[in-house]
Each structure stands twice: as structure tokens, then as C-alpha cells.
Amino acid sequence: DLIPIYDKEINDYVVYVPASVTKVTLDAEAESSTAIITGLGDEYVEFKDNIYNIVVTSESGNINTYEVNVYKQYDLTLKSLTVTDVANDEELELNTTFDSNINEYTIDVPYTVDKVNIDAILNASNVTLTGKGEYELVSGENTIEVKVQGGDSTVNTYTIKINKEVSYNNFLKSLSVEESPLDKEFINTTSSYTVTVPYGTT
């Protein structure tokens, strides 16, 4: 569709077409049957400003030029987006099934998940992708952005918010006293131990 809507008093227009379009057809009709129109027909479009002039010449020789800029948009969408727990290579479930047209996702993970890997596949080969790789998680909310950028610097951002459960684990992993053993085997749920040391130990 033309932007703005066609008005004979407006001479400049823009048309946005998806990445899959390779050719457009320019068509127009003059108000006067004696006027001559040039610039019509099929035109190939590239990933840039494709500017075409449609020139209307009246019988008296007056010229009126309409400019149409056909802008071919980059495909800035992802084919897939996955998040995995690095420790066990297990895929973590997004809050909703991935859809290239949905840009925000959340994941709730237990406190045992310390690091995740973000992987993504593009739908187009002529754009750049950033945001893949491994991320260390902190307790609470972790925001990760995956960005797809076209050659015209336009960017489409997918945001993943990973909510890591706060740990309530206040146990020791190990306990020892140098050169003197504990009176019993260490168990993290046992809080009292006795250590016997030689006379004169300070």
C-alpha cells in the first residue's frame, strides 16, 4: 500500500515490501487521455531505497513527477530460539511456544541452574545475529537479549527473562580442622562436632 494514500496533489510516496519480494509493478492512469505517462512497468527491488519516478506530461508540455520509494525490508525474525542448562545440556521450557513474531519470553528455573546457553537460528542469511552464547545466572531476574540486525541498521530484539529461584540452602559443603579430625563424619545437617588437639596447641 502507498504511504500516504494516493492524492493527486501529493507527489512523494513510500511502499514497504517484505524480503521475499524481488519485483514490483508500477501502474498508473492519467486523468487526461491526452497526457503521456512514463516510468511504468516491472522493476526489480533490492535491500535499499528503490526510487522510481513516474512522469506525467500534459498535451501542453507541462510535467508532473511522482516519486515512489519502494523499501524492501530485511527479514529480522528467528527460525528458532532455545535455552539450555549448561550443566546437563537440558533444554529449558519457555513460557510459551516459540513464535518468530513473539519477542518476549520468560523462564522459571530452580536455584541449582547456574549457567544457561542461548541458541538461535535466523530465517535470513543477509542479517546479523548477536546474543547467542553462555550466561551466568544470578538469583532473581536475569534479562538476556538476542538481536537481529539488517543492513540498514534496523534491529529486532527478542528478550528472555530468566527468573532464578532464590536459594535457602545455608548448609556447609565440607568442614575440617587442620591436623585434627572431627569426632564423627561430617554431615551437613549435623551442627555440633568435637575436635581433640594436642596439649600446647594454641
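Biologist: Where is D89 found in this one?
Modeller: D89 is in the loop between β7 and β8, with β8 covering 90-92. Keep in mind that this is a predicted model.

Biologist: Noted. What is the phi of D89 like?
Modeller: The phi of D89 is positive, about 60°, although the residue is not a glycine.

Biologist: And is D89 buried or exposed?
Modeller: D89 counts as exposed, because its relative accessibility is 63% and the cut-off for exposed is over 50%.

Biologist: How accessible is S153?
Modeller: S153 has a relative accessible area of 52%, so it is exposed.

Biologist: Switching to the peptide bonds, what can you tell me about the one from I3 to P4?
Modeller: That bond is cis, and its omega is near -5°. P4 sits in the segment before β1, the strand that runs over 12-17.

Biologist: Let's zoom out. How many helices and strands does the protein chain have?
Modeller: The count is 0 helices and 14 strands. Reading along the sequence, you go β-β-β-β-β-β-β-β-β-β-β-β-β-β.

Biologist: Is the chain compact or spread out?
Modeller: The chain is more spread out than a compact globule, because its radius of gyration is 33 Å, well over the 17 Å that the globule rule gives for 202 residues. Along the principal axes, the C-alpha atoms fill a box of roughly 120 × 30 × 25 Å.

Biologist: What share of the residues is buried?
Modeller: Of the 202 residues, 27% count as buried. The accessible surface of the chain is about 13,700 Å², and carbon and sulfur atoms account for 47% of that.

Biologist: Now the inside. How many residues are in the largest nonpolar core?
Modeller: That core has 25 residues, and L78, L81, V83, V116 and I162 have the most contacts inside it.

Biologist: Which elements give two or more residues to it?
Modeller: Those are β7 (78-85), β9 (104-109), β10 (115-122), β13 (140-149) and β14 (155-164). The most comes from β10, which gives 4 residues.

Biologist: Take V83, then. What is V83 in contact with, leaving aside its neighbours within four places in sequence?
Modeller: V83 is in contact with E90, E91, L92, L94, I107, V116, N117, I118, I160 and I162. There is also a second, separate core of 13 residues, and Y13, V15, V17 and Y66 are among them.

Biologist: What about contacts across the chain, how many of them join residues at least 24 apart?
Modeller: Among contacts between residues at least 6 apart in sequence, 42% join residues at least 24 apart.

Biologist: And how many positive and negative side chains are there?
Modeller: The chain has 12 positive and 34 negative side chains. The centres of the two sets lie 5 Å apart.

Biologist: Last topic, V197. Where is it placed?
Modeller: V197 is in the segment after β14. It counts as partly exposed, since its relative accessibility is 42%.

Biologist: What separates the C-alpha atoms of V197 and E179?
Modeller: A distance of 8.5 Å, with the two residues 18 apart along the chain.

Notes: Residues are numbered from 1 along each chain as its sequence is written. This is a predicted model: local features need pLDDT of at least 70, side-chain atom pairs count only at pLDDT 80 or more; totals for chains, interfaces and linings use all residues. Side-chain values use heavy atoms; hydrogens and water are left out. A nonpolar core is a set of buried Ala, Val, Leu, Ile, Met, Phe, Trp, Tyr and Cys residues joined through side-chain atoms within 4.5 Å. Buried means under 20% relative accessible area, exposed over 50%, partly exposed in between (1.4 Å probe, protein chains only). Contact means heavy atoms within 4.5 Å. The radius of gyration is taken over C-alpha atoms; the globule rule is 2.2 Å times the number of residues to the power 0.38. Accessible areas come from the Shrake-Rupley method with a 1.4 Å probe; for residues, only the protein chains shown count as cover. Lys and Arg count as positive and Asp and Glu as negative; His and the chain ends are not counted. The place of a charge is taken as NZ of Lys, CZ of Arg, CG of Asp or CD of Glu.
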